[in-house]
Amino acid sequence: MLIDLRSDTITQPTPAMREAIATAKVGDDVFGDDPTVNALESYVAELLGKEAAIFMPSGTMTNQVALRTHTEPGDEIIVESQAHIYYYEGGAPAVLSGVMCHLVQGKQGIFNASDLTKTLRPPDVHFPKTKLVCLENTHNRGGGKVYPLSEIKAIAQVCQEHKLKFHLDGARFWNACIATGISEADYAQPFDTVSVCFSKGLGAPIGSALVGSRESIERARRFRKMFGGGMRQAGIIAAGALYALKHHRERLAEDHINAKILAEGLHQIQGIEINPEDVQTNIVIFHTTSISAQTLVEQLNEKGVAVLAVGSNSLRAVTNLMVDREQIQQVPGLVEAAINAK
Ligand code: TLP
């Protein structure tokens, strides 16, 4: 059986989740009639200590609707140079919101308040208006790095001083909460909006939510419709998300332990570079020294392990609900064999 570590998005719904989906009560959500969507939105808003939430099909959509909610065309947003919003969303900020991305170089995806202050410019007709700062927690290309709450609070302070809105791409927010023991409400508190996904480590087949004040979520509802994200009997998918949220948050700790075991195993292999201490959650980024990342991907595939190349010599493995401890323990040996198969 394939050991699939390409992403935590590859998970299949469990039988109990399928049961919840099959028996979900539904209605037309564009009319606000879907009881399961309404239950999910209330539950997630309450969990994050915010007034309201809105359900959407994907994390890309929740991020892009948030950008459009907080900006007008011609504005500038500040994002980290490897942020998903900038790196992996198909140029959507330019197309859907007409905004400029001003990049801040982080360390494994993390920048601090002084980096932000240095990036800000005074009001001047030459410059676009800066409206929004976005962070990512955990940081995907940063190798699942957790954003320290103290840094987030210091950045929030700078945002307040400069009247900037503050958005979090929390596709793996749940992993950050489990890894630190910080509550969802405490981690979400400094932000105006938080985007969360149910279809990553939590294992739901589809779905994300944008969470924030009643006013910002009302505005987001307009843009969700405009972007084509108004869904009808969406309770069918919200049921899987609600089930995942209620039953699968604690299990993320298992993925984190598996990622550490994998990192420590890979560290022993000649031809692989990785610092196991960098691995804080479920993402393991490692580097090849003798063959290209793509060659290793192909040779590993033949041995029944799927990972992604994320750079010419960098690979990513993401532990997830479909891969158990025993399978994880086999991976370092298979990587070693794949390298030597060259
Ligand atoms: N990330 C995917 C790919 O797009 C790279 C993955 O396999 O990791 N924010 C972050 C931080 C993400 O990692 C992702 C998905 C998203 C947003 C977008 O979520 P979806 O795929 O639901 O649009």
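1. Quick definition before anything else: helices here are DSSP runs (H or I) of at least four residues, numbered from the N terminus. Keep in mind, too, that this is a predicted model.

2. On that numbering, α7 is the top contributor to the lining of the largest pocket, giving 5 residues. Helices α3 (59–70), α7 (149–161) and α10 (214–226), along with strand β6 (165–170), each put at least two residues into that lining.

3. The largest pocket itself comes out at about 430 Å³. It has 21 lining residues, and those closest to its centre are K165, F166, P190, F191 and D192.

4. Now for the second largest pocket, with a volume of about 350 Å³. Here 20 residues form the lining, with R141, G142, G143, I285 and H287 closest to the centre. Strands β10 and β13 are the elements that give two or more residues, and β10 has the largest share with 3.

5. Where does the second largest pocket lie? Domain 1 (12–247) and domain 2 (251–340) both contribute to its lining, so the pocket sits between them.

6. A word on the strands around there. β10 (residues 283–288) runs antiparallel to β9 (residues 272–273), joined by 2 bridges; I272 has T288 of β10 as its bridge partner. β10 is also antiparallel to β13 (residues 314–318), this time with 5 bridges. H287 is bridged to S314 in β13, and H287 is also among the residues closest to the centre of the second largest pocket.

Conventions. Residues are numbered from 1 along each chain as its sequence is written. This is a predicted model: local features need pLDDT of at least 70, side-chain atom pairs count only at pLDDT 80 or more; totals for chains, interfaces and linings use all residues. Side-chain values use heavy atoms; hydrogens and water are left out. Two strands pair if DSSP finds at least two bridges between them. On a 1 Å grid over the protein atoms alone, a cavity is a set of points where a 1.4 Å probe fits but cannot get out, and a pocket is an open set with protein on both sides within 12 Å along at least five of seven lines; lining residues have an atom within 4 Å of a point. Grid points are joined across faces, edges and corners, and a volume is the space filled by probe spheres set on the points. Domain bounds come from an automatic or database domain assignment.
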